[in-house]
Amino acid sequence: MTTMTTKKIEKNIFLSENITSIISRLVAGDITPFDIAGACIDRIKEYENFSKVWVTYDESVIMSQAEQSAERLRSGKKAGKLESIPVGVKDIFNTIDFPTQMGSPLWKGFTPGNDAREVYYLKKEGALIPGKTDTAEFAVHKIGNCVNPHDVKRTPGTSSSGSAVAVSLGMVPAAIGTQTAGSIVRPASFCGVYGCKPSFGLLPRTGMLKTTDSLDTIGFFTAMYDDLRLMFDVLRVHGSNYPLSNNALSDEIRQSRKKGQPWKVAFVKTHTWNDSYEHSKSAIENFAAGISADKDIDVNEVKLPPILESSHTIHQTIYDKTLSYYFQEESLKADQVSDIMNEIVARGNDISANEYYEALERQNFIIHAMDEFFDDYDIIISLSTAGEAPLREETEKPDPALIWTLSHLPVISCPLFTSPEGMPFGLQIASRKYNDIKLFRFADHLLKMNFIPEGANPLPPIPEEL
């Protein structure tokens, strides 16, 4: 195996340089796959005891993958879109190289023997997989072991927190996770990184834990804004075998603002507004006022269709009933399952089939109502979360993230705001279902006009400062 060196690569490269730039240096021969893998390994060694990000991690695996990448490049093969780039994988996706334990002692050491479709897509483009990131039990509510990189006393977010923390600390430039309520947006908001939940169904769920069939959505985190579209293109389904999404994403008119008109932006406070902190409300109101000064953006404060006010109630009915079905076997071993999971299963068992079907019908009504809403608007802006991360033992306040999950909308959480204590929280932008490219184009405009940052914000302190 080629000797590893990290002399040519900056210590915090994944927090300061986008993936395309790193791969350009790789192809030019300025750095090697071992340099990139070494930077990942060094960063993990520096932060892992403090952060508790990795459920499983094997230095020899990532170095073996780096050797395979080096051999591809030596043989003259074209570099993949993620060639030699380390990517974190939430521990609910199947992986050949690591167990898939789903945050539960019941599945400790389980080896599925295959890669989830999304892991396959990552490897196909040359990505390195260092290990599996910490998750909540069964990707639900019981918080995992990893810590918020900005304040260890606060939560890092819900079930995809390990992936968000790995990106925030610069261990990897990107990581994948899932969102059934707010598990991409909340960790991104609380950890100060970019998070994207694409439209429901665009990222295939083959070979991973499923919890709620009409809600589960795969997404990803990046440190640098420029990497969002790249990750989306690698991970999403492509081609005419997926006619609804393919036709929508290929429709240039649909994916663009109307010619000669500004971006039509709806600022929505949602029914969760009263749960938000006053400084959070002021932050997004000031942001809305600021972008209104841009001649290319027309912002209006708008109310959502009334049925959206019942989003959290509808979501809980679907969520609890489906979890009680999927985890009925685990619930028979109640002593090895968390109290909160047992409570959810018990609630779900009390929900009748008719109540569940009615909730699904109401979800479909919401999806259609939001599709009609976007007849008049290109983009929605809202808070990602009620504000900064609460203490670990506190329950997270209601926020808009769940609403857009229920509606199947694509969203990006931008690491824009900081609280009076210096803790991050995010701006959330959303667009019509399957208008993911339009969403990226609006975000591109925000970046161009310096309304959102290029990378993670704020950068976390070193462990000794916490």
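Reply: Two strands are said to pair if DSSP finds at least two bridges between them. The model is a predicted one, and in it strand E7 (residues 263-267) pairs with strand E8 (residues 297-301) in the parallel sense over 5 bridges, with Phe267 standing opposite Glu301 in E8.

Me: Why is E7 described as largely enclosed by the rest of the structure?

Reply: A residue is buried when its relative accessible area is under 20%. In E7, 4 of the 5 residues are buried, so the strand is largely enclosed by the rest of the structure.

Me: What makes E1 and E8 the edge strands?

Reply: The open sheet holds 11 strands in the order E1-E3-E2-E4-E6-E5-E10-E11-E9-E7-E8, and its pairing is mixed. Strand E1 (54-57) and E8 are called edge strands because each pairs on one side only. From one strand to the next, the twist averages 25°.

Me: How do you know that E1 and strand E3 (residues 131-133) count as paired?

Reply: The requirement is at least two bridges between the strands, and E1 and E3 have 3 bridges, in the antiparallel sense. Within this pair, Tyr57 stands opposite Gly131 in E3.

Me: What can be said of burial in strand E4 (residues 174-179), and which residues point which way?

Reply: In E4, 6 of the 6 residues are buried, so this strand too is largely enclosed by the rest of the structure. In a regular strand the side chains alternate between the two faces of the sheet. In E4, Ala174, Ile176 and Thr178 point one way, whereas Ala175, Gly177 and Gln179 point the other way, and all are buried.

Me: In which sense does E4 pair with strand E2 (residues 87-90), and in which with strand E6 (residues 217-222)?

Reply: With E2 the pairing is parallel, over 3 bridges, and Val87 stands opposite Ala174 in E4. With E6 the pairing is antiparallel, over 6 bridges, and the bridge partner of Thr178 there is Ile218.

Me: Turning to the helices, why are helix H10 (residues 311-326) and helix H13 (residues 353-373) called oblique to each other?

Reply: Their axes lie 9 Å apart and the helices pack at an angle of about 135°. The contact involves Ser311, Ile314, Thr317, Ile318, Lys321 and Thr322 of H10, together with Glu355, Tyr356, Ala359, Leu360, Arg362, Gln363 and Ile366 of H13. By class, the residues of this contact divide into 6 nonpolar, 4 polar and 3 charged.

Me: What makes H10 and helix H12 (residues 339-349) roughly perpendicular?

Reply: The axes of H10 and H12 cross at roughly 100° and come within 7 Å. Since angles of 65 to 115 degrees count as roughly perpendicular, H10 and H12 are therefore given that description. On the H10 side the contact is made by Gln316, Tyr319, Asp320, Lys321, Leu323 and Ser324, and on the H12 side by Met341, Ile344, Val345, Arg347, Gly348 and Asn349. This contact has 5 nonpolar, 4 polar and 3 charged residues.

Me: How do you know whether Trp273 is buried or exposed?

Reply: The cut-off for buried is under 20% relative accessible area, and Trp273, at 12%, therefore counts as buried. Trp273 lies in the loop between E7 and helix H9 (278-292). Leaving aside neighbours within four places in sequence, Trp273 is in contact with Phe267, Lys281, Ile284, Glu285 and Leu383. The C-alpha atoms of Trp273 and Pro398 are separated by 8.8 Å, although these residues are 125 residues apart along the chain.

Me: Which descriptions, buried or exposed, apply to Met102 and Asn450, and what is said of their phi values?

Reply: Met102, in the loop between E2 and helix H4 (117-124), has a relative accessible area of 8% and is therefore buried. Asn450, in the segment after helix H15 (436-448), has a relative accessibility of 69%; exposed means over 50%, so Asn450 counts as exposed. Phi is positive in Met102, at about 55°, although Met102 is not a glycine, and phi of Asn450 is near 65°, a positive value in a residue other than glycine.

Methods: Residues numbered from 1 in each chain as written. Predicted model: local features only at pLDDT ≥ 70, side-chain atom pairs only at ≥ 80, totals over all residues. Heavy atoms only, no water. Axes fitted to C-alpha atoms, helices over the stretch in contact; angles between N-to-C directions. Helix = DSSP H or I, 4+ residues; strand = E, 2+ residues; numbered from the N terminus. Contact = heavy atoms within 4.5 Å. Nonpolar A, V, L, I, M, F, W, Y, C, P; charged D, E, K, R; others polar. Buried < 20%, exposed > 50% of the residue type's maximum accessible area, 1.4 Å probe, protein only. Parallel < 35°, antiparallel > 145°, perpendicular 65-115°, else oblique.
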